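Subject: Structure for your files, with notes

Hello,

The structure is pasted below, and my notes on it follow. Please read them with the structure open.

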Amino acid sequence: NLKLTGDFGTLTFDGHGGSSALGAIDDKTPNAYEEPWAVLDTNGATAGGTPTVINGAGGNNMFIYTSPSFSGATFTAAYQNDGGAAGIGESYTDFSLTVSPEMVEGLTVGFANADHNIGASSRDADETTMYATYAVGGFTVGYQISDLDDTTTNSDQESTSMGVTYAVNDDFSIGYHAHDLEFEAGASLSDQESTGISASYTMGGMTLAGAMNEVDNMGGTAATDREGYEFTLSFAF
C-alpha cells in the first residue's frame, strides 16, 4: 500500500485488497452493526453461496484518488487494470461524489458509477448507485437505489435498500435494515429479500455489537431462505 497526500487530496495504490469508489458506498443506509445480507451464506464458506449485491469491484493493483472536501463535497475515483483480479478481463474504472451540504445539517447524498470493460469476453457492465441519509435527534434514516446493466443476456439487476437507527444514548444504538434485489425478468429468478436487526453497546474501551439477519431467495433461487446471527466483543487498550 502506497499513499501520497497533499493539498491536491490523496492518491493511493493498493497492491492487495483495494476498495473502489463505488465499493466504498455500495450500501450507505444506516445500521448499528452490519448490512442485512452481510453475515449470511449457505454453509459458512463463500463457495457455498452468498447473497447477491451490486457493489462495484475491488482487489489487487488498484489506484484510488480522493479529493479534499469542497463545501462538503468529496470526489473519489478508482482504476484497476487487467492484472488486478480474475473478474477484471480488461479494465475497471469508477467514480463517486458525496455531498454533505453545509446549509442542511444532518443530510448526506451520494452518487457513484462504475464501468467494467471485459474485453476477452466482449462483455461490458455498468453499475450506478445513489443514496441519501438524514440524521435528526437520535434517529438516522437512509434510502439507496442501485442498478446493474450487463451486456450478458438476462444479467441486469436492480436493488433498493433502506435503514433506520436510533441512538438510545451515547453508548447504545439499535437499527433495522432491509435490502431487496430484483433480477431481469428473463433470468427466471426470484426477488432476493434481506432484513436485519442490529445493535451496538459501548462502555469505556469495550464494545459489544451484533446482528440477526435473514435472506429469502438467496441469489435468486426460490425457497433458498437463510437466517443467521453474529456478535462481537472487542476491547480497546
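A residue is called buried when its relative accessible area is under 20%, exposed when over 50%, and partly exposed in between (1.4 Å probe, protein chains only). This is a predicted model, in which local features need pLDDT of at least 70 and side-chain atom pairs count only at pLDDT 80 or more, while totals for chains, interfaces and linings use all residues. Residues are numbered from 1 along each chain as its sequence is written, and side-chain values use heavy atoms, with hydrogens and water left out.

Ser194 counts as buried because its relative accessibility is 0%. Ser194 sits in strand β13; strands here are DSSP runs of E with at least two residues, numbered from the N terminus. Contact means heavy atoms within 4.5 Å. Not counting residues up to four places away in sequence, Ser194 touches Pro36, Trp37, His177, Ala178, His179, Asp180, Glu214 and Val215.

Asn213 belongs to strand β14 (residues 206-216). With 4% relative accessibility, Asn213 is buried too. A polar atom of the Asn213 side chain lies 3.0 Å from the backbone oxygen of Glu35. Beyond its neighbours within four places in sequence, the contacts of Asn213 include Glu35, Pro36, Trp37, Thr195, Arg226 and Gly228.

The second largest pocket

On a 1 Å grid over the protein atoms alone, a pocket is an open set of points with protein on both sides within 12 Å along at least five of seven lines; a cavity is a set where a 1.4 Å probe fits but cannot get out; lining residues have an atom within 4 Å of a point. The volume of the second largest pocket is about 150 Å³, taken as the space filled by probe spheres set on the points, which are joined across faces, edges and corners. Its lining has four nonpolar, four polar and two charged residues. In that count Ala, Val, Leu, Ile, Met, Phe, Trp, Tyr, Cys and Pro are nonpolar, Asp, Glu, Lys and Arg are charged, and the others, Gly among them, are polar.

The cavity

The structure holds one cavity of 30 Å³ or more. The volume of the largest cavity is about 80 Å³. Among the residues lining the largest cavity are Asp26, Asp27, Trp37, Gln144, Ser161 and His179. β10 gives the most to this lining, with three residues. By class, the lining of the largest cavity has four nonpolar, six polar and two charged residues.

The nonpolar core

A nonpolar core is a set of buried Ala, Val, Leu, Ile, Met, Phe, Trp, Tyr and Cys residues joined through side-chain atoms within 4.5 Å. The largest one has ten residues: Leu22, Ile25, Ala57, Met62, Ile64, Ala78, Tyr92, Ala112, Ala114 and Tyr131. Two or more of them come from each of β5 (62-66) and β8 (107-118). Setting aside neighbours within four places in sequence, Tyr92 is in contact with residues including Leu22, Ala57, Met62, Ala78 and Ala114.

Gly58, in strand β4 (residues 58-59), is partly exposed because its relative accessible area is 30%. The C-alpha atoms of Gly58 and Ala78 are 9.4 Å apart. Thr152, in the loop between β10 (139-150) and β11 (157-167), is partly exposed at 34%.

Regards

Technical notes
Helix = DSSP H or I, 4+ residues; strand = E, 2+ residues; numbered from the N terminus. Polar contact = N/O pair within 3.5 Å; in protein donor to acceptor, adjacent residues only side chain to side chain.
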